[in-house]
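Subject: Structure handover

Hello,

I am passing this structure on to you. Please keep it open while you read the notes below it.

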Amino acid sequence: MSTDAVTGDATALMPETAAAEFLQSLSPPAHILVAVSGGSDSIGLLIALDQQLKSHSRRDITLSAATIDHGLRAAGADEAREVAALCASRGISHFTRHWEGEKPATGLMAAAREARYELLAELAEEISANLIVTAHTTDDQRETMVMRGKRRLGEVDGLGTGIADAMLFDRRIWIVRPFLACRRVDIRAWLKMRGISWLDDPSNADMRYERVRTRMELDADPSAPLSGDGGAGRAALSGKAAAWLDDHVTIHANALCVIDRSGLSADKAVVAYALSYLAAVFGGRTYAPGRVQMERVLEFVNGADPGRRTAGGVVFDLRRDGLYLMRESRNIAPLSLAPGKKGNWDGRFEISNSGQTPVGVRAAGMENAAIFPSNLPKGAARRAGAAMPLIATEAGTKAASVAVVPNLAPFDRFLTRFDLTFADRLSIAFGREAYMRPPLSVL
């Protein structure tokens, strides 16, 4: 994939050019699952990929399409059928999946996104597709940059990265955005020239949604350039933080993080990036503590006086030899697991019960301090051990047929390629394998 597709000053690409560059970047053989809603962007992506494959007789690449009916509009089922008919006319396999169950009263768009990716990932596994593509465009990128710029809470490096050109979902499958350098106006003009129509989703004009309001604001100046560097700075910072992790960090029993003193005086941007993600992992949170909290933590760890601070459910225990991180041993809810079930405990561990009896999971209290090396500070070891999982049957005996795997909350569900290098090192430090490689030869 061309690097122009993710840089802030990229020249807009026409659909056939973007599709050709993407296909050239693939490591064959490949089976692409295209997410197609029926709108102009996704129809344009599907047609552009199909035309490129047919014109170049690429038998080593298979194309399939999927439409997710979220069940939020009565017209959703009809739109899925129209997409299926278009695919049938071009000889493309098409699948429709439905978001079943009760919909949340708040956070609907985020929940719909989560459900959409889960359904696409499940389908990809069923049909042996090895990547999913979505039709996010330059317009989507600009909207995202504006919205994140207004909040700018999670950007520990101060750089706006926007939508990533590639993202790993649930450690299972990469989702790639080949059209990030394409403008919607160009996609629609390209489709019109070929006599191909599309569907307009009425929710795209619903001012209740932040993205729609942002889109309306940007319509007043559609030629405004994108800000930021498209993630290049973030990716470089990820690499530096990975090296810092190797040099200065030791993780004990997946529950206690030790950072030597020399690491705390390293490059401030690197320390801020790494420490924010370490806090998220040890706190079982998808996101790092907020900016104000992290600024206070960084000020504290850069000081000379030993002591303790708490942020995001994590204890930062600063001593003369280094900084110790562990989960705060309160507000940890218990978990019950029936035979054959698995669940997430405290955001930090995925626990599977393969036994024949139900099990309960709770914080261990004072029972685990002895598992840490004797040279570690006893207070830090006790606090870390107290927040580790203790698994027992209803009879009170320890459960033997249970698997416990660390969960890296900020990365295991959604991991952008910008953060891949650091996430890999962190995963290995927790005794897990590195993350799946992108199926693209240039990333």
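The notes below cover aromatic pairs, charges over rings, a cavity and some backbone details.

This is a predicted model, in which local features need pLDDT of at least 70 and side-chain atom pairs count only at pLDDT 80 or more, while totals for chains, interfaces and linings use all residues. Residues are numbered from 1 along each chain as its sequence is written, and side-chain values use heavy atoms, with hydrogens and water left out.

Aromatic rings

A pair of aromatic rings is described by the distance of the centres and the angle of the planes. Rings of Phe, Tyr and Trp (its six-membered ring) pair if their centres lie within 6.5 Å; planes under 30 degrees apart count as stacked, over 60 as edge-to-face and the rest as tilted. The count by this rule is ten aromatic pairs. One of them is edge-to-face because the ring centres of Tyr 273 and Tyr 277 are 5.1 Å apart and the planes stand at 80°. Both residues belong to helix α10 (residues 268-283), where they are four residues apart, about one turn of the helix. Helices (H or I, at least four residues) and strands (E, at least two) are DSSP runs, numbered from the N terminus. Tyr 273 and Tyr 277 are both buried (under 20% relative accessible area; exposed is over 50% and partly exposed in between, with a 1.4 Å probe and protein chains only).

Phe 411 and Phe 422 also form an edge-to-face pair, with 6.3 Å from centre to centre and 70° between the planes. Phe 411 is in helix α13 (residues 409-412) and Phe 422 in helix α14 (residues 420-429), so this pair ties together parts that are eleven residues apart in sequence. Phe 411 and Phe 422 are both buried. Ring pairs link Tyr 273, Tyr 277, Phe 411 and Phe 422 into a cluster.

Helix α13 also contains Pro 410, which counts as buried at 8% relative accessibility. The C-alpha atoms of Pro 410 and Ala 288 are separated by 7.9 Å, and the two residues are 122 residues apart along the chain.

Charges over rings

A charge sits over a ring if NZ of Lys or CZ of Arg is within 6 Å of the ring centre and within 35 degrees of the ring normal. Lys 103 lies over the face of Trp 99, 4.9 Å from the ring centre. Arg 113 has its charged end over the ring of Phe 414, at 4.4 Å from the centre.

Cavity

A cavity is a set of points, on a 1 Å grid over the protein atoms alone, where a 1.4 Å probe fits but cannot get out; lining residues have an atom within 4 Å of a point. The structure holds one cavity of 30 Å³ or more. The largest cavity has a volume of about 60 Å³. Its lining includes Asn 254, Val 281, Arg 348 and Phe 430. Domain 2 (236-329 + 418-430) and domain 3 (335-406) both give residues to the lining, so the largest cavity lies between them; the domain bounds come from an automatic or database domain assignment.

Backbone

Pro 28 and Pro 29 are joined by a cis peptide bond, with omega about -5°. Ser 57 has a positive phi, near 50°, and is exposed at 54% relative accessible area. Ala 253 has a positive phi of about 55° and is partly exposed at 37% relative accessibility.

Regards

Note on methods: 1 Å grid on protein atoms, 1.4 Å probe; cavity = no way out; pocket = protein on both sides within 12 Å on 5 of 7 lines; lining within 4 Å. Points joined across faces, edges and corners; volume = space filled by probe spheres on them.
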